[in-house]
Amino acid sequence: MTSDVGSGSGPLTAAVFAILLALAGGDKHGYAVMKEARTPEGGGVPMGPGTLYGTLDRLTRDGMVEESGVSDDERRRYYRLTALGRKALAAELERMDAAVRAARGLGLLAGGRG
Amino acid sequence: MTAARLEGWYARALRLYPAAFRAAYEGPMRQAFRDALADGELRRGALLRLAVRDLAVSLWREHMAMAKETFGRPALVFNALVLAGMATVLAVALYAIPQQVLRMGADDPQIQMATDLAARLESGATPAVAVPIGSVDMARSLAPFLIVYDDQGRPLGSTAQLNGQTPTPPAGVFDNVRAHGEERVSWQPILGSTRGVRIAAVVERVSGAQPGFVLAGRSMREVEARIDHVQNLAGLTWLGMLGLIVVGTVAFGWVTRRQAIT
């Protein structure tokens, strides 16, 4: 499948960002990623299993994520972030950080001028 | 609805995913759904709405991705484009070759008629004597006709009329005949605002004491109808070949598609 994860020079999609962010904290299986992605700190992206595994499939192909193991009954599949995935996540966070700083400068967020 | 029934419903819905995707992720997806049911953090209604929305979006996305991967393979697309190019060249040839044969055939028997008349005029016959008596209606008749012009392109005698007048080809035709001795053209006489039928005309130079030109012509109505028919057949053949290429490419792409995600 061709990649549509937004891993090029442009920003990451919301689902990709949330998955990479969830995996940045350590190896996780599918539902753990879904659960963390739904929280405000995890990106606030509600996603179902179809979106999750479709995105993981593309991220795996793009080398941003890799399988780290399966549960004993092989029903849970665990994933981890690769160096490339971490780099993409860092780049996205820097982009967001710059946007947040700009918003603060404009007084759109608390802690800014005015 | 019990958790087991909900999971059964979700398992059945997973059959709608592409086979390769399903083979790779059916188990983990069912487990993730089961975990969500067991966790209870999301109420069942909210979970069901999320699952339905997720199915709608991801089914479309995975089928499109699979179709793109199956039918968008460079080798497959390249082969299809090469075949389409060959089909196009073949269809153009299917049209152009008969079109040329028919068009050139439309100059018979005017070539002989023009040559014979030019020879008679050059041997001293006057247009009044050399041009046979008759009146062909150029707009309606398919019969060949003859027209004699003087060196300035003014008609001297004619067996044909268009709206009661003898039409004259553009001056460029006469200039070309002066330079080359003969010209074979498709000519559409225009008298006033009336556009005549298209004529397969053979124009020859008359040398000698009274130089001028002879024009032998014939309506191309029937020939053009046949050319149109050939064009339609070539067009249908082209569309048929393109259709076969599309069907063949889709079938080959489907047969050789990736069966599993590795």
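## Chain A at a glance

Helices here are DSSP runs of H or I with at least four residues, and strands are E runs of at least two, numbered from the N terminus. On that basis, chain A has 4 helices and 3 strands. The model is predicted. Starting at the N terminus, the elements of chain A follow the order α-β-α-α-β-β-α.

Chain A has 114 residues, and 38% of them are buried. Contacts in chain A between residues at least 6 apart in sequence can be split by range. Of these, 48% link residues at least 24 apart.

## The sheet of chain A

Strands of a sheet pair through backbone hydrogen bonds, either parallel or antiparallel. In chain A, 3 strands make an open sheet in the order β1-β3-β2, and the pairing is antiparallel. Strands β1 and β2 (65-70) of chain A are the edges, each pairing on one side only.

β2(A) and β3(A) are joined by 5 bridges and pair in the antiparallel sense.

## Helix α2 of chain A

Which residues of α2(A) are buried? Helix α2 of chain A spans residues 30-38, and its buried residues are A:Gly30, A:Tyr31, A:Val33, A:Met34 and A:Ala37. Looking down the axis of α2(A), these buried residues fall within an arc of 160 degrees, so they line one face of the helix.

What covers them? From chain A, the cover includes α1 (14-24), β1 (28-29), α3 (49-61) and β3 (77-81). Chain B takes part as well: α2 of chain B is also included in the cover of α2(A).

## Where the chains meet

How many residues of chain B are in contact with chain A? The count is 24 residues of chain B, in contact with 20 residues of chain A. Helices α2 (19-39) and α3 (44-71) of chain B each supply at least two residues to the side that touches chain A. α3(B) gives the most, with 13 residues.

By residue class, the side of chain B that touches chain A has 14 nonpolar, 3 polar and 7 charged residues.

## Strand β2 of chain B and its partners

Strand β2 of chain B covers residues 145-150 and is mostly covered, with 5 of its 6 residues buried. β2(B) runs antiparallel to strand β9 (residues 212-219) of chain B, and 6 bridges join the two. Here B:Asp150 stands opposite B:Gly212 in β9(B).

β2(B) also pairs with strand β3 (residues 155-158) of chain B, through 3 bridges and again antiparallel. B:Tyr149 has B:Pro155 in β3(B) as its bridge partner. β2(B) and β3(B) form a hairpin, with 4 residues between the strands. In the turn, B:Gly153 has a positive phi of about 85 degrees.

## B:Leu233 in helix α8

B:Leu233 lies in helix α8 of chain B, which spans residues 221-255. Is B:Leu233 buried, exposed or partly exposed? A residue is buried at 20 or more other C-beta atoms within 10 Å of its own, and exposed at 12 or fewer. B:Leu233 has 14, so this residue is partly exposed.

B:Leu233 and B:Tyr95 are 138 residues apart along the chain. Their C-alpha atoms are separated by 8.1 Å.

Technical notes. Residues are numbered from 1 along each chain as its sequence is written. Chains are lettered from A and ligands numbered from 1 in the order in which they are written. This is a predicted model: local features need pLDDT of at least 70, side-chain atom pairs count only at pLDDT 80 or more; totals for chains, interfaces and linings use all residues. Two strands pair if DSSP finds at least two bridges between them. Two residues are in contact if their C-beta atoms, placed from the backbone, lie within 7 Å. Ala, Val, Leu, Ile, Met, Phe, Trp, Tyr, Cys and Pro count as nonpolar, Asp, Glu, Lys and Arg as charged, and the others, Gly among them, as polar. The arc is that of the directions from the helix axis to the C-beta atoms.
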